[in-house]
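Hello! Here are a few notes to read alongside the model, arranged as numbered points.

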Amino acid sequence: MWNFSFIPPAAMRIPVPGLVVAIFSLATLVSGAVAQGQTTACNGRAELCNRSYGNVTFAGAHDSFAFSRNPLILARNQEVDVPTQLRLGIRLLQAQSHMGFDGVIHFCHTSCVLFDGGTVEAYLKTVATFLRENPNEVLTVLFTNPEGLSFPDVWAPAFEASGVSGYAYVPPQNPMPQGAWPTLSEMIASGKRLVVFVDYIGSDRGTVDYILPEFGMIWETPYDMTNASFPCSIDRIRGPLSSTDQMYLINHALDNNLLHIANVSDSRDAPRTNSVNSIVAHANGCIPLGSGRNPNFVLLDYVNIGQAITAVDQLNGFS
């Protein structure tokens with residue numbers, strides 16, 4: 001019986017050690033290309049990777065937890081849930097906290113009787129899922145603490161139980177000047193891609209290193225605005241940093257006065273309020289107060305209506 005064996009010519013024969021080296025080199029090239037691909041876009045834009053966090057404009061959802069499609073729910077500020085807000089391009093999530101009737105911290109609008117958005121821990125689990133599934137995104141959360149709840153005793157356990165605390169950025173100094181923040185690519189490479197601000201420290205004055213004082217690093221324009229021209233002024237700020245050394249946030253949500261009793265947000269105004277022209281005009285009016293810089297955060301109601309992301313892209317220099 002004939003036995004045919006194919007013996008490759010010398011030019012085709014690769015010694016086993018050489019073959020191993022070749023395979024290893026190829027694998028290195030492939031993995032390097034993958035790693036490079038993972039960092040070629042930061043928050044969806046390659047141009048943002050080398051830009052400081054303090055020099056980027058982020059679109060934000062005001063009362064991000066308070067979503068409903070029912071226009072009769074006057075305490076709502078959004079129509080779509082947090083995962084949808086994030087898919088739309090929102091990178092600042094704002095929420096108001098209150099102690100729930102169950103003795104656990106919740107996100108509620110003014111009162112948990114009026115609108116209860118669920119526990120802070122459950123909300124933060126949604127944030128953790130987004131960060132885990134989107135490794136090239138930097139996200140900011142801004143929470144209010146009107147009841148002065150303790151950072152170490154009330155807030156930190158919710159962060160830790162949700163699994164999100166490991167993503168939280170701890171600045172090398174506190175307060176952190178606007179010009180001292182790392183680039184988005186540096187934050188992504190470090191894995192610390194969540195910036196946490198809370199407006200008021202707890203009554204016990206306890207601190208947690210990743211929960212940062214908002215008004216020590218960010219000043220805001222007035223809120224509950226009923227003037228559609230959004231005149232700009234510095235409304236809330238706390239030292240020791242001057243306004244020129246702080247980032248800033250514009251509250252770009254228009255309220256209507258309901259029977260001279262309360263200001264409520266109306267989704268019917270959102271197409272105009274969330275238009276490119278309205279947002280950019282508001283930002284331009286604040287530039288003189290912001291040391292010639294665009295706002296760092298644009299906080300909006302009904303983020304699924306209008307052209308908020310297009311406007312923020314323009315503020316970041318993208319046409």
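1. β11 is the element that gives the most to the lining of the largest pocket, namely 3 residues. Helices here are DSSP runs of H or I with at least four residues, strands are runs of E with at least two, and both are numbered from the N terminus. This is a predicted model, in which local features need pLDDT of at least 70 and side-chain atom pairs count only at pLDDT 80 or more, while totals for chains, interfaces and linings use all residues. Residues are numbered from 1 along each chain as its sequence is written, and side-chain values use heavy atoms, with hydrogens and water left out.

2. The lining of the largest pocket comprises 33 residues, and those nearest its centre are H62, Q96, H109, Y223 and D224. A pocket is an open set of points on a 1 Å grid over the protein atoms alone, where a 1.4 Å probe fits, with protein on both sides within 12 Å along at least five of seven lines; lining residues have an atom within 4 Å of a point. At least two lining residues come from each of β2 (92–99), β5 (139–144), α6 (214–217) and β11 (262–265).

3. There are 17 aromatic pairs in the structure. Rings of Phe, Tyr and Trp (its six-membered ring) pair if their centres lie within 6.5 Å; planes under 30 degrees apart are stacked, over 60 edge-to-face, and the rest tilted. Y53 and W181 make a tilted pair, because their ring centres are 4.8 Å apart and their planes at 45°. Y53 sits in the loop between α1 (16–38) and β1 (58–61), and W181 in the loop between α4 (151–162) and α5 (184–190), so this pair ties together parts 128 residues apart in sequence. Y53 is buried at 0% relative accessibility, where buried means under 20% relative accessible area (1.4 Å probe, protein chains only). W181 is buried too, at 4%.

4. F65 and F115 form an edge-to-face pair, with 6.2 Å between centres and 70° between planes. F65 is buried at 3%, and F115 at 12%. Both belong to one aromatic cluster, whose members include F107, Y123 and W155.

5. Which residues of helix α9 (308–315) are buried? They are A308, A311, V312 and L315. Just after α9, G317 has a positive phi of about 95°.

Notes: Buried < 20%, exposed > 50% of the residue type's maximum accessible area, 1.4 Å probe, protein only.
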